[in-house]
Amino acid sequence: MPESKVRKAAADKRKRPESSKSDATGKASSATKSGTPTSRASRRIVEPEPVKRPWLLPVTIAIAVVGVAWGVLYFVDDSLIGFMKPLGKLNIAIAAALVVLAVVLFLVLRPRTGTPYAPGSRRWVPPTFIAVGLFGVAWLIVYYVAGTAVPFMSALGNWNILIGMAGMAAAFIIATLWK
């Protein structure tokens with residue numbers, strides 16, 4: 001079903017009078033306004049309500065606050081917390097990763113309202129595009145800031161640049177899939 005037909009169906013559903021909508025028991029009424037019975041084929045399937053996640057916003061805010069606090073503590077005095085000093089500049093990457101994780105988590109899991117999407121829609125593309133692109137950028141930042149301190153990154157050497165660039169290129173390729 002083309003997207004325009006889906007939007008029209010959603011608009012018709014909102015304009016439909018109360019007498020032809022489902023009653024409180026969830027069963028559709030058997031007559032239209034004129035009193036004639038309706039066929040099964042003409043009844044509409046009611047879209048399920050979006051999944052409500054009341055925990056999502058507080059959790060993502062908490063993760064973002066922890067990320068910002070991590071970065072501030074590192075810049076103010078990294079000796080306040082014992083395990084921060086040995087990490088060195090990797091603390092910056094950890095703080096940025098926590099904030100990015102919070103944003104991506106919220107964007108992916110938030111309840112969506114509005115017009116329904118057509119079957120086969122690609123709602124997964126924007127969050128995936130953002131996540132893969134940020135992964136590539138974050139890889140390069142971590143490599144340049146603390147590449148010698150991270151054992152597997154120092155072993156990879158200049159391949160780290162290729163990995164970061166490949167992440168960003170993959171993000172742009174994924175972006176072309178969006179309708």
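Predicted model: local features only at pLDDT ≥ 70, side-chain atom pairs only at ≥ 80, totals over all residues.
Trp-139 has a relative accessible area of 15% and is buried. Both residues belong to helix α5, which comprises residues 125-146. Phe-135 and Trp-139 stand four residues apart there, so about one helical turn separates them.

Display the two side chains and examine their rings. How far apart are the centres of the rings of Phe-135 and Trp-139? The distance is 5.6 Å, and the planes meet at 55°, so this pair is classed as tilted. The class follows because an angle under 30 degrees would count as stacked and one over 60 as edge-to-face.

Phe-152 is found in helix α6 (residues 151-156), whereas Trp-139 lies in α5, so the pair ties together parts that are 13 residues apart in sequence. With Phe-135, Trp-139 and Phe-152 all displayed, one sees a cluster linked by ring pairs. The count of aromatic pairs in the model comes to six.

Now move to Asn-160, which is placed in helix α7 (residues 159-175). Is Asn-160 buried or exposed? Its relative accessibility is 0%, so Asn-160 counts as buried. To view its surroundings, select Trp-139, Leu-140, Tyr-143 and Met-153; Asn-160 is in contact with these residues, when neighbours within four places in sequence are left aside.

Select helix α2, residues 56-77. This helix has 22 residues, and its first and last C-alpha atoms are 31 Å apart, close to the 32 Å expected at 1.5 Å a residue. Within α2, colour the buried residues: Leu-56, Thr-60, Ile-63, Gly-67, Trp-70, Gly-71 and Tyr-74. Why do they lie on the same side of α2? They cover an arc of only 85° around the axis, which puts them there. To find what they pack against, show α3 (84-87) and α4 (90-109).

Continue with α4 itself. Its 20 residues should span 28 Å at 1.5 Å a residue, and the end C-alpha atoms are 28 Å apart, which agrees.

Finally, clear the selection and view the whole protein. The secondary structure comes to seven helices and zero strands. From the N terminus on, the order of elements is α-α-α-α-α-α-α. The protein has 179 residues, of which 19% count as buried. Consider the contacts between residues at least 6 apart in sequence: 59% of these join residues at least 24 apart.

How values were computed
Residues numbered from 1 in each chain as written. Heavy atoms only, no water. Helix = DSSP H or I, 4+ residues; strand = E, 2+ residues; numbered from the N terminus. Expected span 1.5 Å × (residues − 1). Buried < 20%, exposed > 50% of the residue type's maximum accessible area, 1.4 Å probe, protein only. Arc of directions from axis to C-beta. Contact = heavy atoms within 4.5 Å. Phe/Tyr/Trp six-rings, centres within 6.5 Å; stacked < 30°, edge-to-face > 60°.
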